[in-house]
Each structure stands twice: as C-alpha cells, then as structure tokens.
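Please read this briefing alongside the sequence and the 3D structure shown below.

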Amino acid sequence: MAGQVLELRVHGVANTAPASMLGIGPQPGDPPGGNARPRLVAGNQVTGFYRSSTADPDDPLMVEAYSWGQLTSGARTVKDLRRALWTLLLPFVLANLALQARPDIPADSREERWRSRPALAAWLVRLFCLSLTMTFAVAATGVGVDLVAWQCVDAACLAQIPGPWGFLGTGWWREGARALAVGLLAPLGVLALVGFLTWRTYHYEAELPVAPAGPDEATPLHNPLQDPTYWCGEGQVRRLAVLHLASAAAVAAAIPLGAVIAMDPPQGVRAVLVWPVVAVLAATVALSVAVLGHPYVTRRGGDTPLRPYGVGVAVLAAVGVIGTLAVLLLPDGPAGTPLADLRPPHGCAQDRSIAGCREDRSLPGYDAVIVWLGAFQILVLTALAVLTGTGRRTPDAGPHKPDEGPAGIAWGGSGPTVLAGLGWLLGLAYSAGVLYWVTDRLNHGATPSGRSAITLPVPVMWAGLAIIGVLAVAVVVAVRAWIVFVRLRRQSLAQLVPPGNLLSAHERRRARDVATYRALHHLIGEHSVRLVGHLAAAGAVLALAGMAAVVSGARPVSTDPEGFGLVVKAVADTGDTLAGWLPALVAGVGLLVYRNDAVRRSVGMLWDVATFWPRAAHPLAPPSYAERAVPQLQTRAIGLMALPDNDVRRPEAIILSGHSQGAVICAAVILQMPHQWHRRVWFFSYGCQLSYLYGRVFPAYFGPDRLPVVISTLTGPSGRVRWTNFWRETDPLGWPVNAGERELWVADPAALRPSGGEVADPPIHNHSGYPDAPEYQRERAEVVALATAAVPAPRHEP
C-alpha cells in the first residue's frame, strides 16, 4: 500500500453492511454471485475490517470498512433478544449519561479536586445512580416481601404465584417472620441476576490498544477524551458494581428487618443479634456513599483490582443479609402481639366482612421507605441542578445564521439533572407498574387501588395519576412538535417554489418531499432539545406534586370511591396499568431497534448516543460499545501507519471517514492518538451530530471550548485543516459542526425532475450515500493528491 491513501470508513447507527460501505453491493445486470465481495482483513465477524476482494493494489486510494454494529445492533440472531432486554435498563442508561453531561468537566481528571464543583456534581450523580439501583431493589422487595410473603396468606392467593409456594401459608413457615425470609430471596435473586449479566459484559471494557496510545504524564490535556485511560474502565465498573449490589442488598434486607423490629421490639438475647445486624447494614450503605467520591471509584485505569474498600463493602453486605435471614427465621419475641396476628386474615378475597379485612395490613414501614427514598432523590437532583444549572448559553460558533446554528448548552447547563430526572421518572414508572401488576394478579383481577385483599402501596396509587399527567404533557409536546414541523415545512416549501409558481405539478410534488426532509432537519437540529426540556420540566413539576401528596399520607381515592372518586380511581388504575406494560413496550421497541432498519435509524440513534459513553456512573447499565470500537480502530490506524517504509501495507495517510455515530467514534480516536500520528490523518465527517447534539448535551467533550481541540490536532504547519464535514439540508440527523473545520454543503436531490433521458427522479439521499456524492469524491481526490504528492511511485515487495 506504500504510496497509497487508506480511507477507513466507519458506519453509523444503521449498522451498514461492509459491502454497502465499500460500494460493492449487487448492481443491476450483475450475474448471480458475480459482483465483488467484502474480504475480512482484520478483526472478526463481530468487529471487523473489510476490503473489496477485487480492489486494485496499485490504486492510489484503498477503501476499508470498519463494522462495529454487532456490538449494539446485532445481526438478526438470538443475540438480538438478549440485547433487546438491555433496553429494560434504560433508567440506568439515562442516569449514567448525567455524569458525561456535566458542563465543567476538567480536561485532566487528575485536576478534579473533591471540593470543586465538577467533583461534587460527579459525586451527586453517582449517589443518584446508587439510589436508582436501590429503587429497583425496593420495588423487588415490595413484591417478594410485602405483597407475597406478608400479605398473601391463604392458598387462593398463593396459587396465583407460579411455583410451589403454598407452604408459606401453613405450618412452620407461617409463624413469625419466617415467610419474610423466603420473600427476601426475590430481591436478592434479582440483584444476583443483574450482577451476573453485568459480569458477563466486562469484556467490553477489557479491550485496550496494543500500545500506549495517549499522551504521557507530562503532556497537558485539553479534552477529557485525550485521557489515555478514558476507554479503559474495566476495574472501575467492577468496583462500582460491588458498591451498587451490596448497598441494594443491604436496603432490601433492612426493609423486612425494620418491620420486624417495629412490630416485635427485640429484647434480651434477641437484641444482641438484631442491633449488630442493623449496624452492619447501615455501615454497608454509609461506606458505599462515602466511597463514591473517592479516587478509588472516580479513576479508571483498566483492569485495576477491587481493593479493600470493595471487599469490605461486599463482606459487610453478606454479613448483614445473613444476619437478617437469621433474625427473620427466629420465633416471635416475648414482646408484642404474635406477628401472624398482624398479617391479613384468611379468606379476605372471598369475604371482606371478616374482621381485619377492611384494614390496611401491608408490611409496616414499606410505604415510608418509598417516600423517604423518593424525597432523598429529589433533594439530590435539586442539589445537582444548583451545581450545574448555570443558565449559560454558548454562542453560535459557526458562520451560519443564528437560527441555523446550535442554540447553546442544552437546558441551560442542567443536562445532568434533566437526564437523571428522566431516568428517575422512568424507573418510578417501572417500579409502580410491577407492583401494580403483581397486586392485581394476587387479587384475582380486583382493582388494587380500591377494595381488595392485597393492599397496594399508597405511593403507587399516586404514581398512576402522575404517569397519566406525564403522558398528557407528552401529547402536548408532540402536538407542539407537529405544529413546529408544519411551519418549518411551509417555510422550506416557500424557498423551493418560486414566487411565480412556475414549477410543474411533478416538480411541486417533489418540492413538497424535499421540504418535508428539510423541515425534519431543522426540527431535530434546532427544536428537539428544547422540546425534551419542556417535557422534563413538566415531569419535574408533576413529580414534586406527587411527592408532596405522598408525604401527606393521604390516599388519592378511598377504598369505596363514589362520584368523582370513581373517575380518579379509574385514572390512577389506568396509569399504573400502562406503567405495568411499559417494560414490555420498551423491550419490544428495543427488539425492533435491533431487527428493523427503519426503527434502527430513528430510535436507534438515541440508543447509540446513550451507550457510546462508558459506564462511569452506573455500572449496571448496558456496556459501552465504544470501549471496544475506539481502541480497535485506534490500534488498526496506528498499526498500519507504524509499519516500516518498505512494507507495502503501509499507507502514506489515512482518511478516517465517519458517518453519523461513526464520526463521533472517529473524533474520539483522533483525540486518543499520539501527536506524531496526527500529521498523516485526515478526517471526513458526514451525517454528523457533533455540534448540534453532542456539543449541546455534552459540552465538556464536544462544546465550542473542547471540539476545536480536534481542529488543532489536524492543522498542519501551512494552516490547512485536515477535517472536512459534509452535510445536507435534507438530512434529519446531520448538520454543520461549526468548530472551524472545512464545511461542504452537499446538494440533495440533484434536481426536482429527471433529465438527460433518465425517467426516474434523482433520489433524496437524506442521511445516506454521502461517499457517492460529487462533493465528497472531489474532496477525497484532492486529499489523495496532497497526501501522495511527494511519493514518486508505489513500492512493491521485492
């Protein structure tokens, strides 16, 4: 390859096949099997580098495709189902994003001091992520301990649970709190499953460049993505996972233990066992909260050991859980009423007139745990908003008109709060839906918010009303988005149709099609972030109102509602029912993302944006594909450039050609490269969201103060910038970058009608087909000429 330029193409969210990336797909008139095929030259079937099998080795340009989509998109195999289930962890994904959305992240993580605003904000984000894990543990504990083990007392109720659980209603297991010990296995089992799945994904973070690829200790950093350890977080994920799982297990154990202590205060020898267990559980959570701000957790650095902090937390949690199970298996203490008499009586499902059936006999203290955990999360989010929500807006950094450039930092700098808050609302909806669905099943279909044998937690009833409120706001925001879209389409059509309306009917129809794509381009680029902010603000108001109602202790409706109360009850039940179906809906959409190209290009973009970032805040989120893609692409590029001069595989220069999300991966690779390799690297980005999305939501990495670092690394002594960004007005997901790079507008479509004897309209490519555009090919030819100008002729092996 000596004397050649290698164009290394990186696809975007659509998981474009290597053949399509190389432009060697089947053409009309080709015999079956007669067209060129992609040839794997490095990597494997999951992440591989491909070239055309018929490429000319003497051509001054060699095109190579890097396919990373199976890390996130799948290949329509059984893996798709497993990966679709990752979408159920969407609340964790959003909470994890909050850490990267902080506006004031130091370029060098070693400069982040504990008392600084960025460090405090990072600690709050990690603390919120820990509380979100606890939310799911509390919900699972509510199902296993409260609804099943405590309230489900007779055979008719226990028969609704799959499995042989009838023994919990009779004999030795019904006495005292022994059934609670069995119920506690539900949240512990869920945590063990999540921990196992997280452990199975550590190989993503385990991918490292073959050689040290970042700057040395003395090199100043100007962007966090220049940190050589940024994509090496295997040890950090393990340490965080231990803290989350241990703390969640401690909270799950504390719920039944606290209820037993309240109902049957320990005395004598019993107290000698109970209070040390309480102290151990409290120490587990306290130590985890404190360690979240320690460099032990905040630093990355590859496969680093667990260290005494993590081992200590894990041991404390194990001792606390075992101690709790031992306390629950003890017989009743000498104080108070026997615990069996405090549970709902037998037969309430058939006859509500039995004494005690009309009373709330749910697990004491469980509602209070939900209330206080929710109040704590609101306080954390409020403190995070105060620390990060400066209200500053970035100026338009490009030569375009103000209404065509980025509108500034998303949500006035409150991106961490917005993202974490959306994750919190979704997590609450998941939890409320599961609790409602299980209660409904145990009650044989009787509406849990009214008269029923199994009592639904009161906060879940209020959550149902809040969910309906959020859905109503979402409908209003969608209507607002449609109105804006119609206005933008009308404006675009006015620009395409001349005042005299001299276009033919065919051209007017085509103009409407083009105007639709242009309107989507402006709607997503200029208005989508603000619309999401409106939804988040309304959700925050509803959450605060709902929390105030929950703290009051009042039920939204009585057990026997009448009149308007029936309407409120129906609304609450509808909201909770919809919340129960939400996980299935999210998983279904996730499966379509992995199997349907149309859904992949729309919804998949948001998923790939979210899972691009490492699990630096929430370890139970799905793995980051960039933890493998960035080191692999970096190793390939540097490995080829570092070959000896007489090696025919050595390129004179490499064009990193990134489409959509691929452009973000390429930018991360460039920032990770040692400086000596930059002079032989060119960067082509197209269908790019670096400024309009990443620059606004993640300003510390791609904002107007940090993105120019890529420009400075790709600027030669002559002042020529080796970064060209291509964009179309018809591309809903691609915009200018406005960081000082070379901008090239790509015409799309070429015309409104066929010409030169052609009968088909010139296609509207919108987000695809950039390498086939004349503007792209002219720019690439110029780069090849510049890169090979000093090379007399290709060199061959002797």
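A charge is taken to sit over a ring if NZ of Lys or CZ of Arg is within 6 Å of the ring centre and within 35 degrees of the ring normal. The model is a predicted one, in which local features need pLDDT of at least 70 and side-chain atom pairs count only at pLDDT 80 or more, while totals for chains, interfaces and linings use all residues. Residues are numbered from 1 along each chain as its sequence is written, and side-chain values use heavy atoms, with hydrogens and water left out. Burial is used throughout as follows: buried means under 20% relative accessible area, exposed means over 50%, and partly exposed lies in between (1.4 Å probe, protein chains only). Helices (H or I, at least four residues) and strands (E, at least two) are DSSP runs, numbered from the N terminus.

**Charges over rings**

- R300 lies over the face of Y230, at a distance of 5.9 Å from the ring centre.
- R728 is placed over the face of Y770, in this case at 3.9 Å from the ring centre.

**Aromatic pairs**

- A pair of aromatic rings is described by the distance of the centres and the angle of the planes.
- Rings of Phe, Tyr and Trp (its six-membered ring) pair if their centres lie within 6.5 Å, and planes under 30 degrees apart count as stacked, over 60 as edge-to-face and the rest as tilted.
- The count by this rule comes to 28 aromatic pairs.
- F684 and Y776 form an edge-to-face pair, because their ring centres are 5.3 Å apart and their planes stand at 80 degrees.
- This pair links distant parts of the chain, since F684 is in strand β6 (residues 681-686) and Y776 is in helix α25 (residues 774-788), 92 residues apart.
- F684 counts as buried at 1% relative accessibility, and Y776 counts as buried at 0%.
- Ring pairs also link W68, Y230, W231, F612, W613, Y625, Y694, F698, Y701 and F702 into a cluster; Y230 in this cluster is the residue whose face R300 lies over.

- Strand β4 (residues 61-67) is mostly covered, with seven of its seven residues buried.
- Both faces of β4 are covered, with L61, V63, A65 and S67 buried on one side and M62, E64 and Y66 buried on the other.
- Two strands are said to pair if DSSP finds at least two bridges between them.
- Strand β1 (residues 5-10) pairs with β4 in the parallel sense over six bridges, and the bridge partner of L8 in β4 is E64.
- Strand β3 (residues 48-52) pairs with β4 in the antiparallel sense over three bridges, and the bridge partner of Y50 in β4 is A65.

**Cysteines**

- A disulfide is a pair of cysteine sulfur atoms within 2.5 Å, and a search of the whole structure finds one.
- The disulfide is formed by C152 and C157, whose sulfur atoms are 1.9 Å apart, and both C152 and C157 are buried.
- The torsion about the S-S bond of C152 and C157 is about -125 degrees, so the disulfide is left-handed.
- C688, by contrast, is in no disulfide, and the nearest cysteine sulfur, that of C666, is 9.8 Å away.
- C688 counts as buried at 1% relative accessibility, and C129 counts as buried at 0%.

**Salt bridges**

- A salt bridge is a side-chain nitrogen of Lys or Arg within 4 Å of a carboxyl oxygen of Asp or Glu, and by this rule the count comes to 20 salt bridges.
- D264 and R270 meet through their side chains in a salt bridge (3.8 Å, N to O), and both D264 and R270 are buried.
- R753 and E507 form a salt bridge through their side chains (3.3 Å, N to O).
- This second pair links distant parts of the chain, with R753 in the loop between β8 (742-745) and α25 and E507 in helix α17 (residues 505-552), 246 residues apart.
- R753 is partly exposed, with a relative accessible area of 49%, whereas E507 is buried, with a relative accessible area of 11%.
- K569 and D573 form a salt bridge in which the closest N and O atoms are 3.0 Å apart, and both residues lie in helix α18 (residues 564-595), four residues apart, about one turn of the helix.
- K569 is buried, with a relative accessible area of 12%, and D573 counts as buried at 7% relative accessibility.
- A network of salt bridges links R509, R510, D513 and D761.
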